[in-house]
Every structure is written in C-alpha cells, then in structure tokens.
Amino acid sequence: CIHGAWLEVSVDDHFPCRPECGGGPLFSQAHGNELWVLLLEKAYAKLQGGYYACRLGSPHEALIDQTGAPVYKMDLKDGEISFADFLAWDRCDCLVCASTPGVDELTEGGRPGGQKAGLVPGHAYTVVQARRITRTRRYHGHEVLQIRNPRGSFEWGGAWGDSSAELRECKAELDDDGGGGGGGDGANDANDGLFWMSFADFRTAFVSVSVCAPFPLQQGATLAPPRRLVTVPATDGLP
C-alpha cells in the first residue's frame, strides 16, 4: 500500500547471495526454508529501485505499506506512554513495534558492538504482549512486555530475560494464556529471539514505538495516549 494505493508487484525467485559462507542470501535471512521474507524484500527493492535503497527506515513506514491501516509513531523520551497504553493496544490486537537507538551493524554481517544486554542497536522489535504479574506474590504488580527480535537471536539478558530469577519464578503465570490450561507463548529458554523485559527497562532501552490498528478498535480506544488528544473522542450513541 504505497501512498494510500495498493500496488501489485511481480517478482521472480532469484535472490542475491554471498559467495562466501555457503552462498546464503546477501540481505534478509529467512527461518528454515521460508521464502516469504525474501520475496517481500525483493518486492520492496523493485519498488524502491534496488536493495540498498531499502536500508534503514522506520517500522511505522513498513506497517503502513503492508497493512494500509492507521499507524501512530511515538517517542518514548516524551514520557507520555504508559503501561496501560500497551495493555489497551494488546487488547485491541494492534501490531506494536519498538526501535532501539544507534546503528544496526549486525544485519549485514557487522559486529554487535554497543549492544545493551543483548539488544541490537538501531533495530526494530515486535512487542508481542503486555502482562501485569498478579499471581506470584514476590513480583505482584510488576509490569512486563514480551518482545521478539525478528533475527531470532541476540535476546535481552537483563531482568526478566530467559535465564533470570524473575522469569523462573513467574514462568507458570506467563506461560498461562488465560485459558487455565497453559499453552501460552510465555517463558522459554531457547535463543529464539523471544524474551520478556520489564516496562521500566523497556523505556530506557528503546527510543520509539509504532502502533498499527489493522482491526476495528474497541469502543473508546485510540492509538494515541489520551493525553495527546485535544479532545477525547465521544462514544455516546456508538453501537
């Protein structure tokens, strides 16, 4: 969805590869035998005039292009985003991305210098869900976010990380998807890019958040924190 208009892009299945390291893809890396990532990237490269024209950018731009839905970008330094906002976005099935400061030198084979506790600088992450601890006495009331690194590695290594005491003690609660039988996408020890971190640490480690609403929002909900609005939308008379 480019500038508000949906475009159909035709691509072939030839991809630029590295002559070294077994000849793997030069740019995006897919999981296993998946090809959709490389195909989507090639479509972007065709639209922009080349692969190198697709470097950098912001998650909110990609969310607009891929969904055509409303997207709101907010800077965490403004201090106006609360944990309640994340709970509301989660409840409305919004797509939420977060960006770290710095320059990403890992995606194209560089060194991971400057990373904070396993986070990649200048990188976009997905915020999968927001949870407030209620059943574990020691950590009752703690606010945590589950985050995914699309690269599938380089996870957060601080509090609430995969090997932390906080996660070991709250694993049962975070693994519970709310149905009473577990099976949630909660704590796991694999280096799969999926991890938890506290909301407080999140605010210091990330610089911006992009929120996309691909589905109708619940009554009275908004992408922006209410205090950013000049007037709160009226909900009287809505079904």
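Residues are numbered from 1 along each chain as its sequence is written, and side-chain values use heavy atoms, with hydrogens and water left out. Because the model is predicted, local features need pLDDT of at least 70 and side-chain atom pairs count only at pLDDT 80 or more, while totals for chains, interfaces and linings use all residues.

**Overall fold**

- The chain has five helices and six strands, where helices (H or I, at least four residues) and strands (E, at least two) are DSSP runs numbered from the N terminus.
- Read from the N terminus, the elements follow the pattern α-α-β-α-β-β-β-α-β-α-β.
- Of the 239 residues in the chain, 35% are buried; buried means under 20% relative accessible area, exposed over 50%, and partly exposed in between, with a 1.4 Å probe and protein chains only.
- Among contacts (heavy atoms within 4.5 Å) between residues at least 6 apart in sequence, 68% join residues at least 24 apart.

**The sheet**

- Six strands form an open sheet in the order S1-S6-S2-S3-S4-S5, with antiparallel pairing; two strands pair if DSSP finds at least two bridges between them.
- S1 and strand S5 (194-198) stand at the edges with a single partner strand each, so one side of each has no neighbour in the sheet.
- Neighbouring strands of this sheet are turned by 30° against each other on average, direction ignored; the axes are lines fitted to C-alpha atoms, for helices over the stretch in contact, and angles run from 0 to 180 degrees between N-to-C directions.
- Helix H3 (residues 83-91) packs on the sheet and touches S1, S2, S3, S4 and S6; the direction of H3 makes about 100° with that of S3.
- Strand S3 (residues 124-132) and strand S4 (residues 143-148) run antiparallel and are joined by six bridges, with Ala 130 having Leu 145 in S4 as its bridge partner.

**Strand S6**

- Strand S6 (residues 208-212) is mostly covered, with five of its five residues buried.
- In a regular strand the side chains alternate between the two faces of the sheet.
- Ser 208, Ser 210 and Cys 212 point one way from S6, whereas Val 209 and Val 211 point the other way.
- Strand S1 (residues 71-75) runs antiparallel to S6 and is joined to S6 by five bridges; Tyr 72 stands opposite Val 211.
- Strand S2 (residues 95-99) also pairs with S6 in the antiparallel sense over five bridges, and Leu 95 has Cys 212 as its bridge partner.

**Pocket and cavities**

- Both kinds of space are found on a 1 Å grid over the protein atoms alone: a cavity is a set of points where a 1.4 Å probe fits but cannot get out, and a pocket is an open set with protein on both sides within 12 Å along at least five of seven lines.
- Lining residues have an atom within 4 Å of a point; grid points are joined across faces, edges and corners, and a volume is the space filled by probe spheres set on the points.
- The second largest pocket has a volume of about 200 Å³, and its lining includes Cys 1, Trp 6, Tyr 44 and Asp 65.
- Helix H1 (36-48) and helix H2 (59-67) each supply at least two residues of that lining, and H1 gives the most, with four.
- The lining of the second largest pocket divides into nine nonpolar, one polar and one charged; Ala, Val, Leu, Ile, Met, Phe, Trp, Tyr, Cys and Pro count as nonpolar, Asp, Glu, Lys and Arg as charged, and the others, Gly among them, as polar.
- There are two cavities of 30 Å³ or more, and the largest cavity holds about 40 Å³ of space.
- Residues lining the largest cavity include Phe 15, Phe 27, Glu 41 and Tyr 51; the lining has seven nonpolar, one polar and one charged.

**Single residues**

- Most residues other than glycine have a negative phi.
- Asp 93 has a positive phi of about 60°; Asp 93 sits in the loop between H3 and S2 and is partly exposed, with a relative accessible area of 49%.
- Trp 160 has a positive phi near 75°; Trp 160 lies in the loop between S4 and helix H4 (165-175) and is buried, with a relative accessible area of 2%.
- Ala 124 lies in strand S3 and is partly exposed at 30% relative accessible area.
- Ala 124 and Ser 210 are 86 residues apart in sequence and 9.8 Å apart in space, C-alpha to C-alpha.
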